[in-house]
Structures are given as structure tokens and as C-alpha cells.
Amino acid sequence: MNKIQRISCCLKWALVLTLIVLPIFMLAFWWAAPCTSASSGSHHVSLAINYIPEALKINHHLSSQAQILGFLICLIPLSLQLLIIYFLIRLFQNLQQIKIFSLNNVTYLRHTGLALLGTQLIKPFYQVLLSLVLTWDKNGQHAIALSFSTSSFAIILISMLMILFSWIIQEGYSLQQEQRLTV
Amino acid sequence: MPIVINLDVMLAKRKVRSKALAEAVGTTEQNLSILKTGKAKAIRFSTLEAICKYLNCQPADILEYIQGKD
């Protein structure tokens, strides 16, 4: 097995593990009734995947309904992230089989870029929904929180670069095909 | 594609084998097969000249335009 195959295999299995573990972590997170208040002494194990806006502080215990709704809303960004991981798994699977210059790889790269862009475009919508749901229990006061950090801009830039590179590779492939079919 | 390749017809008329033509033109039989089956995207003038020279024919004998054919 050469270097590309070894690394692709390792990355593929790491991604498969992430694909399985990520939903389980999220389910466990919402089941444990999260509370972001520092005074409560509890800290999130899975802050990275809870999708709750950073500005939102929840100082009350969440009802079952809020937990379920919160989980359902978080399924929106989670499903996109799982889709990204799936496309990357297929990409590394192809690389493992030394199908390096395949047109399918270009498709996976483009779809990964699009899904990554999608995660940032839908962020305002699910964050608003989430903040509404999580603050609904509070008496008299509700909050809407949105967060858009520099990392979001970075992710948007990376996703657009991925889409651009996939287009360039596809054009290169078409040129190569034309060259190959020139007698 | 509206351009039809009649190379097979010319090869039959001149009683020449693909292998011989490929060797004379300086290409491979696989390349010639791409041309015969209509999969070719382009043909170099040098290749067309070599084919016409060997088969003693005109480009119009090998390339035909049929309007509306896809």
C-alpha cells in the first residue's frame, strides 16, 4: 500500500468514526439539558457541536419540549455537516483505490464546498430559531441571538475556494479529454 | 456530431488495413479506432494530410458534414 492509500485509509476511517459519533454526541448533549451559565458550574462537553450562539446565556432549566425542539433545530446544521463528512469519506475512498484523477472526485469536492457554504448561509436562520426556543421558558423576556464570527468568513472563503478549485480541475479534465481524443 | 468520418469506406475502397494506415500515418491503431468510431474531438491537419496521402484521396472523401445529425 503506498503513501496515498495509507493516509487516505486513515482519514477515511477517522471520518467514518466522526460520522457515527457526532450525532450521538449531539443527542447526548440535548438529553443532558444544557445550561450555559458559568455560575451553575457546568460546562459543555460538546460546545463545538451544540450550535447555540455564543451570545446566548441560558440560566434556567430547559423543559423537555425545549430540549426536543432544540435538538430538532440542531439537526439542520448537523445534517449538512454529516453530508460534508460523507462526501469526504467517498473522496478518500476513491483516493484509497488510486482513483485520483476521477471526475467523481471533482463532484465530491464541489459538493463539499457547497455544503460548507450552506452551513454558513443557514446559520442565521437556525440560530434565531434556537435562541427563540431556548429563551421561550423565561418569563417576560425572550432573546434572539445571532453570531457571525471571523471563522464564519474564513469558512465561506474556504468553501468558495473549494468550489473554484473543483471547477478548475473539471475544466482541466475536459481539456485533457479533448487532447486525448485529438487524432 | 454533424461531422461523419468515412474512413472505413475509404479503407475498404483502397483495400488497406487499419494497421497499415496507422503505421503509415505515424499513429496507433487505437487512435485510428477513435477516429473511425466517431469519438474523436479533433483531427490535426498533419494527420489528415498523412491519411489523404496514403489513401490517395481528398479530405472530403473522409470527412462529411450532415446537417442536423447529433
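Predicted model: local features only at pLDDT ≥ 70, side-chain atom pairs only at ≥ 80, totals over all residues.
Helix α2 spans residues 18-25 of chain B and helix α4 residues 45-55 of chain B, and the two pack at an angle of about 125° with their axes 9 Å apart. That makes α2(B) oblique to α4(B), where angles under 35 degrees count as roughly parallel, over 145 as roughly antiparallel, 65 to 115 as roughly perpendicular and the rest as oblique. The contact (heavy atoms within 4.5 Å) is made on the α2(B) side by B:Ala20, B:Leu21, B:Ala24 and B:Val25, and on the α4(B) side by B:Thr47, B:Ala50, B:Ile51, B:Tyr54 and B:Leu55. By class, this contact has 8 nonpolar, 1 polar and no charged residues.

Over all chains the structure holds 1 salt bridge, defined as a side-chain nitrogen of Lys or Arg within 4 Å of a carboxyl oxygen of Asp or Glu. B:Asp8 forms it with B:Lys36, the closest N and O atoms being 3.7 Å apart, and the pair links distant parts of the chain, 28 residues apart.

The table lists accessibility (buried under 20% relative accessible area, exposed over 50%, partly exposed in between, with a 1.4 Å probe and protein chains only).

| Residue | Relative accessible area | Class |
|---|---|---|
| B:Asp8 | 46% | partly exposed |
| B:Lys36 | 25% | partly exposed |
| A:Ser64 | 53% | exposed |

Local features need pLDDT of at least 70, and side-chain atom pairs count only at pLDDT 80 or more, whereas totals for chains, interfaces and linings use all residues. Residues are numbered from 1 along each chain as its sequence is written, chains are lettered from A and ligands numbered from 1 in the order in which they are written, and side-chain values use heavy atoms, with hydrogens and water left out.

Conventions: Axes fitted to C-alpha atoms, helices over the stretch in contact; angles between N-to-C directions. Helix = DSSP H or I, 4+ residues; strand = E, 2+ residues; numbered from the N terminus. Nonpolar A, V, L, I, M, F, W, Y, C, P; charged D, E, K, R; others polar.
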